[in-house]
Amino acid sequence: MKFKTGIGIIILTFIGSLNPYWLIFTVPVFLLGALLVFISSKPTKTKILWTVIPVLAWYPGMQLFFYLSGTI
């Protein structure tokens, strides 16, 4: 249950953080989701992937959000 809750929090904060003005609110919640993922009983590789991939995908996702919303 902790793993699924953590994944849900990570996905919602990733979507919310595509607007960089919301980072001040979404980063602490993302860390909470990452903590829930890391205290679950899943393999370590799964935990690391679910935590690192959203961080690496954030900048390209933000650029795509800007492009689609007409900001750039």
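Me: What share of the contacts with a separation of 6 or more comes from residues 24 or more positions apart?
Reply: In this predicted model, such residues account for 62% of the contacts in the chain with a separation of 6 or more. A contact here requires heavy atoms within 4.5 Å.

Me: Which elements does the chain contain, and in what order do they run?
Reply: The chain has 3 helices and 0 strands. Read from the N terminus, the order is α-α-α. The C-alpha atoms fill a box of roughly 40 × 20 × 15 Å along the principal axes.

Me: How much of the chain counts as buried, and how much accessible surface does the chain have?
Reply: Of the 72 residues, 32% count as buried. The accessible surface comes to about 5,100 Å², and carbon and sulfur atoms contribute 78% of that area.

Me: What makes the span of α1 close to the expected one?
Reply: Helix α1 covers residues 2-16, which is 15 residues. The expected span is 1.5 Å times one less than the number of residues, and for α1 this gives 21 Å. From the first C-alpha to the last, α1 reaches 21 Å, so the span is close to expectation.

Me: Which residues of α1 are buried, and against what do they pack?
Reply: The buried residues are Phe3, Gly6, Ile7, Ile9, Ile10, Thr13 and Gly16. The buried residues of α1 pack against α2 (23-38) and α3 (44-69).

Me: Why is Thr13 called buried?
Reply: Thr13, a residue of helix α1, has a relative accessibility of 7%. Buried means under 20%, and therefore Thr13 counts as buried. Beyond its neighbours within four places in sequence, Thr13 is in contact with Thr26, Val29 and Phe30.

Me: Why is Met1, by contrast, called exposed?
Reply: Met1 lies in the segment before α1. Its relative accessibility is 80%; the cut-off for exposed is over 50%, so Met1 counts as exposed. Met1 and Ile53 are 52 residues apart in sequence, and their C-alpha atoms are 21 Å apart in space.

Me: Why is Leu32 described as partly exposed?
Reply: Leu32, found in helix α2, has a relative accessible area of 45%. Buried requires under 20% and exposed over 50%; the value for Leu32 falls in between, and Leu32 is therefore partly exposed. Leu32 and Phe66 are 34 residues apart in sequence and 27 Å apart in space, C-alpha to C-alpha.

Me: How do you know that α1 is roughly parallel to α3?
Reply: The two helices pack at an angle of about 5 degrees, with their axes 11 Å apart. Angles under 35 degrees count as roughly parallel, so α1 is roughly parallel to α3.

Me: Which residues meet where α1 and α3 are in contact, and how do they divide by type?
Reply: From α1 come Phe3, Ile7, Ile10, Ile11 and Phe14; from α3 come Thr46, Trp50, Pro54, Ala57 and Trp58. The residues of this contact divide into 9 nonpolar, 1 polar and no charged.

Me: What makes Met62 buried, and which residues does Met62 touch?
Reply: Met62 is found in helix α3. Its relative accessibility is 7%, and the cut-off is under 20%, so Met62 counts as buried. Not counting residues up to four places away in sequence, Met62 touches Leu18 and Pro20.

Terms used: Residues numbered from 1 in each chain as written. Predicted model: local features only at pLDDT ≥ 70, side-chain atom pairs only at ≥ 80, totals over all residues. Heavy atoms only, no water. Helix = DSSP H or I, 4+ residues; strand = E, 2+ residues; numbered from the N terminus. Buried < 20%, exposed > 50% of the residue type's maximum accessible area, 1.4 Å probe, protein only. Areas by Shrake-Rupley, 256 points an atom, 1.4 Å probe, with all protein chains shown as cover. Axes fitted to C-alpha atoms, helices over the stretch in contact; angles between N-to-C directions. Parallel < 35°, antiparallel > 145°, perpendicular 65-115°, else oblique. Nonpolar A, V, L, I, M, F, W, Y, C, P; charged D, E, K, R; others polar.
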